Amino acid sequence: MDFIKTLNQKEQRLGKEKYNNQGCLMKIIAYNSATDIFVEFQDKYKCQINCEYKQFKNGNLVNPYSPNVFNKGMIGNKYSCREDNKDCKEYIIWHSMLSRCYSNYTKSRQHSYQNVLCCEEWLLFDNFYEWLHSQTNFKKWKNLSRGALDKDILVKGNKIYSPQTCCLVPNNVNALFTKRNVHRGNTPIGVSYHKRDRIYEAHCNDGSGIPQYLGRYSTSEEAFNAYKTYKESLIKQIANNEYLNKSITKECYEAMMKYIVEITD
């Protein structure tokens, strides 16, 4: 009788479709018993899950390819987001990237992210994870207490996070290319104007957060040129040091060596 009951259930339930609690369409593609079925989500990823029929019926099966991170990002099912009972560094950096691209709160606090987007490929954590691990400096970067995903070095002025435009760098490298336009005023980058003395001063962050005083000048152009000379030399110096230390990739090193500071930066 149990065998006949299972056969009847199989005939009735095999091929049955239902939306889960995320709004994702799922379908029973194999039915062995009420406690052993296979469900396939009906999207382009076709993720399959072995579960019980009651889980399907209740709609509480989770589709790992549902865009539930800022309504854009998908976790996938290849790699875990957890390591040593906490979020892994790969997931933290991915989540932070998506926050810059799609969180209204983040964009309201940091205006430099207003027009920043993520490529479609990296909306899936699986793909981002694989790119990270393909980088020649990944192990070194992962062991850093502070490291960054930089989108501005390889392509100056870039607004899209993608495999072609990003590199992994230590924080001191990332800091070299961080611009604080909100604090600058009307002077060129690296230049401040003192009304009382009617003079321009040049300063430059040395990558460690310490501003270096570069002198006083009668025009903003002279002050900027002092900043430009110092900054380009500093970028090359740090590029050499970090490349020898294997902390940056060859592509990042070459981009830094060719980097030009412009008055419109």
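These legends walk through several close-up views of one predicted model. Residues are numbered from 1 along each chain as its sequence is written, and side-chain values use heavy atoms, with hydrogens and water left out. In this predicted model, local features need pLDDT of at least 70 and side-chain atom pairs count only at pLDDT 80 or more, while totals for chains, interfaces and linings use all residues.

View 1. Buried means under 20% relative accessible area, exposed means over 50%, and partly exposed is in between (1.4 Å probe, protein chains only). Helices (H or I, at least four residues) and strands (E, at least two) are DSSP runs, numbered from the N terminus. Leaving aside residues up to four places away in sequence, Met-97 touches Cys-118, Trp-122, Phe-128, Leu-149 and Tyr-161. Touching, or contact, means heavy atoms within 4.5 Å. As a general note, nonpolar side chains tend to be buried together in soluble globular proteins.

**View 2. Helix α5 and what it packs against.** Have a look at Phe-125, Asp-126, Phe-128, Tyr-129, Trp-131 and Leu-132: these residues of α5 are buried. The buried residues of α5 pack against helices α3 and α6, and also against β8 (147-150) and β10 (167-170).

**View 3. An open sheet of three strands, in the order β11-β12-β13.** Pairing in this sheet is antiparallel, and two strands count as paired if DSSP finds at least two bridges between them. The edge strands are β11 and β13, each pairing on one side only. On average, neighbouring strands are turned by 25° against each other, direction ignored. Strand β12 (residues 199-205) is mostly covered, with five of its seven residues buried.

**View 4. The two hairpins, either side of β12.** Four bridges join β11 (residues 191-194) to β12, and Ser-192 stands opposite Glu-201. That hairpin has four residues between the strands, and Arg-198 takes a positive phi near 50°. On to the next pair: five bridges join β12 to β13 (residues 211-217), with His-203 opposite Tyr-213. Here the hairpin has five residues between its strands, and Gly-207 in the turn has a positive phi of about 100°.

**View 5. Helix α8 lies across the sheet strands β11, β12 and β13.** The helix runs at about 15° to β12; axes are lines fitted to C-alpha atoms, for helices over the stretch in contact, and angles run from 0 to 180 degrees between N-to-C directions. Within α8 (residues 220-244) you'll find Glu-232. Glu-232 is buried, with a relative accessible area of 17%. Not counting residues up to four places away in sequence, Glu-232 touches Tyr-259, Ile-260 and Val-261.

**View 6. A salt-bridge network of Arg-196, Asp-197, Glu-201 and Arg-216.** A salt bridge is a side-chain nitrogen of Lys or Arg within 4 Å of a carboxyl oxygen of Asp or Glu, and by this rule the count comes to 13. Asp-197 pairs with Arg-216, their closest N and O atoms being 2.7 Å apart. Asp-197 sits in the loop between β11 and β12 and Arg-216 in β13, so this pair ties together parts that are 19 residues apart in sequence. Arg-216 also meets Glu-201 in a salt bridge (3.1 Å, N to O). Glu-201 counts as buried at 11% relative accessibility, whereas Arg-216 is partly exposed at 41%.

**View 7. The salt bridge between Lys-142 and Glu-83.** The side chains of Lys-142 and Glu-83 meet at 3.4 Å, N to O. Lys-142 lies in helix α6 and Glu-83 in strand β5 (residues 82-83), so the pair ties together parts that are 59 residues apart in sequence. Lys-142 counts as partly exposed at 21% relative accessibility, and Glu-83 is partly exposed with a relative accessible area of 37%.
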